[in-house]
Amino acid sequence: MKKKIMVDMSSTLIHHGHIRLIKKARKFGDLIIGLTTDKQIKKHKGYLPELNYKFRREILSEIKGVKKVVPSDWLITQKFLDKHKIDILISGGDYKKRKFKTKTINFDRTKFISSTILRKKATKILNN
């Protein structure tokens with residue numbers, strides 16, 4: 001039986017960094033994405049995402065190797081990982097300090113890209 005792998009992400013503006021992380025993660029087993037809800041993004045980032053949860057889930061669900069997308073809080077907990085029977089949690093390098101009893105693997109972020117960078121570029125273009 002394949003291991004159950006989780007990647008947690010917000011993917012407010014989906015980009016190639018997300019795709020690269022998903023491609024790495026799916027090599028470890030059946031991939032489930034813990035997708036941050038709109039309410040949690042608003043609470044922790046102070047804005048509603050450009051793409052709402054329903055559309056982000058739809059896009060991510062269609063990516064090769066993604067078995068399931070489940071709603072998640074901003075901060076993943078061991079209880080959440082246990083509920084979904086996750087064997088390995090895979091995250092970007094900015095989450096190296098998180099500690100769980102579930103095995104974790106961190107990959108470096110893709111350089112020069114993030115949803116925040118895309119948002120700033122779009123704002124600059126619109127304001128010129």
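E50 and R119 form a salt bridge, with their closest N and O atoms 2.6 Å apart. This pair links distant parts of the chain: E50 sits in the loop between helix 2 and helix 3, while R119 belongs to helix 5 (residues 115-127), 69 residues apart. At 41% relative accessibility, E50 counts as partly exposed, whereas R119 is buried, with a relative accessible area of 17%. The model behind all of this is a predicted one.

As a bit of background, side chains of opposite charge can pair when their charged atoms come close. A search of the whole structure turns up four salt bridges. Another one of them joins the side chains of D38 and R56, at 2.6 Å from N to O. Here D38 lies in helix 2 (residues 38-45) and R56 in helix 3 (residues 53-61), so the pair ties together parts that are 18 residues apart in sequence. D38 comes out as buried at 19% relative accessibility, because the cut-off for buried is under 20%. R56 is buried too, with a relative accessible area of 0%.

Then there is the salt bridge between the side chains of R98 and D8, at 3.0 Å from N to O. R98 is found in the loop between strand 4 (88-92) and strand 5 (103-107), and D8 in strand 1 (residues 4-9), so this pair links distant parts of the chain, 90 residues apart. R98 is buried at 17% relative accessible area, and D8 is buried at 12%.

R20 has its place in helix 1 (residues 16-25) and, at 46% relative accessibility, counts as partly exposed.

Terms used. Residues numbered from 1 in each chain as written. Predicted model: local features only at pLDDT ≥ 70, side-chain atom pairs only at ≥ 80, totals over all residues. Heavy atoms only, no water. Helix = DSSP H or I, 4+ residues; strand = E, 2+ residues; numbered from the N terminus. Buried < 20%, exposed > 50% of the residue type's maximum accessible area, 1.4 Å probe, protein only.
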